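Subject: Structure handover

Hello,

The structure is below, followed by notes on what was found in it. Please read the notes with the coordinates open.

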Amino acid sequence: MQKYILAHKKELTIINGSLLLLALADHFFLTRGKIVPVALIIAGVAGVLPIAVQAFQSLKVKVVSIDVLVTIAVLGAFFVKSYEEAAVVTFLFLAGHFLEQATLSKTRKAIKSLTEMAPEVSLKKDQTGKFVEVSIDEVTQGDTLLVKTGGKVPVDGKVISGSGYVNEASITGESKVAAKQAGSLVYAGTILENGTFQLQAERVGEETAFGKIIELVEEAQDSKSNAERFIDKFSKYYTPAVLLLAIVVGLITKDIELAVTVLVLGCPGALVIGIPVSNVAGIGNGAKHGILLKGSETIQNFSKVDTMVFDKTGTLTVGAPQVNKVISNPEINENKAISTLVSIEAESGHPLAQAVVKTYPNVTRYPVSQTQVIKGGGIIATVKGVKVVLGNLQLMKNNQIKLGPGEIARSEQLESEGNSLVFMAINNQLALILGIKDQLRPNVKSELLRLRKLGVKNLILLSGDNQGTVNQVAQNLRLTEAKGNMMPEDKAAYITELQKKGQNVTFVGDGVNDSPSLATANTGIAMGNGTDVAIDTSDIVLMNSDFDRLVPTLKLAKATSHNMLQNIVIAVGVVVFLLTSLLFSSWINMGIGMFVHEASILVVILNAIRLLNYRLK
């Protein structure tokens, strides 16, 4: 029976409203009152049934919900024969619920449109060499797929033949097209606007970057901040308190109708829904623009940031460094040393390693074995049976690689010119010193100034690079502080020290080498193009690695936080106003109170919806 009533909640609301209209029509135009009592009684009963069922279900789990208060209020109205108030209160409560659901669905529209971008079919190469349309569920890693003009890229993979221009808005939030050719990476959910290519599937289904984005955003919407948890706990005790207040008022005044009205006016509906709806709207707006906010807690933390710590390579710089100068040991064959260098760096994804490989694309490569990655230091490997140490100066010192006075002077000169230094030793003898330079991101200086204007007092650079290069970057960008030669654990420890001083710290990195810092900071922001590590370790992901999105992200966080506060003030203010008016004036009754109460719920929802149209700039 309960399921039947809830399943026909909409129909009962229509019956309730129709009978109310009939009662009004009868009162003013028809028999002038003969039908009114019967219509109002039936309307009240039809309206209270689904509310009473929900109240019963909440009481079964020992929760005094809003439905409990309204049910008691309606029964009280019947008891004092105030049928019109019973009918009006139930109609407004049910109508308010449907309006609430309709407006909430609007706040989730951005997420719904995101999920609708997920590909459902793909053209897969079969055993005969033909491409046939199959469900996306039938695609596995290693399959060869065909994408035609106007089609969606079905999985994450690498283009193996053909070319085209892909709209990557679903990943980056920007509708700019990206040129793709053999060897290019493509992502599921993006659209091939022009061209045709074949790709090899590397990640499918929920493992794709797009799948992870959808999962992340859905989880973020369901997550709760401390403020939301407080409101939930507050409501748990608040609703019984309202019930107790109504009983006390009834006992003191001997006025049952007044006590029943207290129950109606004290309902905390707008308070309960105010924060979640702002949270959903803010996250939805961010997702639409390639900004992934991992929940309400992240929004609250980031909106209060006063210290922002940056990694250098790939964050303040474009992450495309180039070999600027090479110093070789005359006692070692330079060509063999370069081949050894490239052989090792080819196995690394670090930006400095990729710069080396791009500089020497055609050298002979040797087999590499016994590779040991030293976190924050470099690589120790065996090449053609010889031990090779490759990395920064600290790694050289740790492995007792000695530098002569001339080598020290040259490396210091390179450092003073703003080069990142890479040292390589073969058989414990220094073979090469490389000076590698990266370019600052365009507009990074002006963006940092905008961050200061938004209340970020301290801008700090922490880098594993040498102090000379770090100082040059810091001086150019007018940073508060800059520290070089830092291991990942050193960065995390430094952030902890800042937090002990009471600072709210945000760390901005590439999401690859700085996971300890991303995890330690109050807010971790990854400048990651949808990489697994960036999505998994950070609180916020800027999907297109665009530094210019940092300021809009902070503005959105502040706007969402302010919106939550506005909704709390509106909700609490309305309840206080209604109860005060009820106890100290005579103009308000149960029907008017319920109308104002439901209107306040609609107001907080509409206020939150403004975030969906908040312009990121």
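**Overall figures**

Of the 617 residues in the protein, 51% count as buried, where buried means under 20% relative accessible area, exposed means over 50% and partly exposed lies in between (1.4 Å probe, protein chains only). This is a predicted model, in which local features need pLDDT of at least 70 and side-chain atom pairs count only at pLDDT 80 or more, while totals for chains, interfaces and linings use all residues. Residues are numbered from 1 along each chain as its sequence is written, and side-chain values use heavy atoms, with hydrogens and water left out.

The mean pLDDT (the predictor's confidence in each residue, from 0 to 100) is 81 for the protein, and 86% of its residues reach 70 or more. Confidence is lowest in helix α6 (residues 109-116), with a mean of 55, and highest in strand β9 (residues 307-310), with 96.

There are 24 helices and 20 strands in the protein; helices (H or I, at least four residues) and strands (E, at least two) are DSSP runs, numbered from the N terminus. Of the contacts (heavy atoms within 4.5 Å) between residues at least 6 apart in sequence, 67% join residues at least 24 apart.

**The seven-stranded sheet**

An open sheet with mixed pairing has seven strands in the order β8-β20-β19-β18-β9-β16-β17; two strands pair if DSSP finds at least two bridges between them. Its edge strands, β8 and β17 (481-483), each pair on one side only. From one strand to the next the twist averages 15 degrees; axes are lines fitted to C-alpha atoms, for helices over the stretch in contact, and angles run from 0 to 180 degrees between N-to-C directions.

β16 and β17 run parallel and are joined by three bridges. Leu462 has Lys483 in β17 as its bridge partner. Helix α12 lies across β8, β9, β18 (505-509), β19 and β20, at about 95 degrees to β19.

Thr523 belongs to strand β19 (residues 523-526). Thr523 counts as buried because its relative accessibility is 0%. Leaving out residues up to four places away in sequence, Thr523 touches Thr298, Asn301, Phe302, Val505, Thr506, Phe507, Asp539 and Ile540.

**Nonpolar cores**

A nonpolar core is a set of buried Ala, Val, Leu, Ile, Met, Phe, Trp, Tyr and Cys residues joined through side-chain atoms within 4.5 Å. The largest has 33 residues, and those with the most contacts inside it are Met308, Phe310, Leu316, Leu448, Leu451 and Leu550. Two or more residues each come from β8 (291-293), α12 (296-303), β9, α18 (444-453), β16 (458-462), α19 (467-477), β20 (540-542) and α23 (550-584). The largest share, five residues, is from α23.

Not counting residues up to four places away in sequence, the contacts of Met308 are Phe302, Leu451, Val456, Asn458, Leu459, Ile460, Thr506, Val508 and Leu550. A second, separate core has 32 residues, including Ala77, Val264, Val574 and Leu578.

Helix α10 (residues 256-265) is largely enclosed by the rest of the structure, because eight of its ten residues are buried. Those buried residues are Leu258, Ala259, Val260, Thr261, Val262, Leu263, Val264 and Leu265.

**The six-stranded sheet**

The other sheet to look at is open and antiparallel, with six strands in the order β10-β15-β14-β13-β12-β11. β10 (322-328) and β11 (368-374) are at the edges with a single partner strand each, so one side of each is left without a neighbour in the sheet. Neighbouring strands of this sheet are turned by 20 degrees against each other on average, direction ignored.

β11 pairs with strand β12 (residues 378-383) in the antiparallel sense over five bridges, and Gln372 stands opposite Ile380 in β12. β12 is joined to the antiparallel strand β13 (residues 386-391) by six bridges, with Ile379 opposite Leu390 in β13. The hairpin of β12 and β13 has two residues between the strands, and Lys384 there takes a positive phi near 55 degrees. Four bridges pair β13 with β14 in the antiparallel sense; Gly391 has Phe423 in β14 as its bridge partner.

Helix α17 (residues 405-416) lies across β10, β14 (420-426) and β15 (429-437), and runs at about 10 degrees to β15.

Regards
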